[in-house]
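Try each task before you read its solution.

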Amino acid sequence: PEAARALLSRFGPERPLPVFCRDISGGPDVLACATVVDGLRAAGATVELKKVSYEERRQLAREGGLVGLVVLQQSGDPMELLDNAWAILESGGHNDWGRSYSPAWTSRQQALAEVVRTSLYRERRDVAMAALARQHATELPTLVLMRVKAASAWDARLRGPRPEFSDSYAYLEDWYTISPEQLERESTPELPATQQLTR
């Protein structure tokens, strides 16, 4: 924390730290943005808050103009997470996987992204996506402020959803439900063998 405070204190009135937040009327984005800005200011940084609309953010991404911290609510398609996390630039209305305004986006990441984007096999896509997530955590650290568990929203009898993925509806074809009786059996704790009574 002290090293971080020393680093953040370099952002003074003459060189404020830009923080981009989506300009919406409410919701988790507003709370996350306020939390980040308050925390940075408490640590000694002068913050220049830039509220941008979704379209403005996309325009800045196309132009490579998002320099600073970007606060956003991430949900939905894992591909969207990949685009946002690695700051992929747009070209002709589509993401250009060969271009990013992040210096960490190299041919190594591009090759993994190509597997994610084009492979017919889910297992290959999963492995490549996980590798990109690990590399992002190492090379471009992200502070996760809030995680809304998808598991809190579904019936306890439902099996198959994978909340470790950002897409709540990932692999819908694998979902199934168990009977109320099976759920009751699962919910009944079993004593360890050493504690079971025998007669």
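**Exercise 1. Work out in which order the three strands lie in the open sheet.**

Solution. Start with the order: the strands run β2-β1-β3, with parallel pairing (strands are DSSP E runs of at least two residues, helices H or I runs of at least four, numbered from the N terminus; two strands pair if DSSP finds at least two bridges between them). Next, look at the edges: β2 (47-52) and β3 (69-71) each have a single partner strand, so one side of each lacks a neighbour in the sheet. Then follow strand β1 (residues 17-22), which pairs with β3 over three bridges. Here C21 stands opposite V71 in β3.

This is a predicted model, in which local features need pLDDT of at least 70 and side-chain atom pairs count only at pLDDT 80 or more, while totals for chains, interfaces and linings use all residues. Residues are numbered from 1 along each chain as its sequence is written, and side-chain values use heavy atoms, leaving out hydrogens and water.

**Exercise 2. Find which residues have the most contacts inside the largest nonpolar core.**

Solution. This core has 14 residues, and the ones to pick are L8, L17, V19, L40 and V71 (a core joins buried Ala, Val, Leu, Ile, Met, Phe, Trp, Tyr and Cys through side-chain atoms within 4.5 Å; buried means under 20% relative accessible area with a 1.4 Å probe, protein chains only). Now trace the suppliers: β1 and α2 (28-42) each give at least two residues, and α2 provides the largest share, five residues.

Terms used
Buried < 20%, exposed > 50% of the residue type's maximum accessible area, 1.4 Å probe, protein only.
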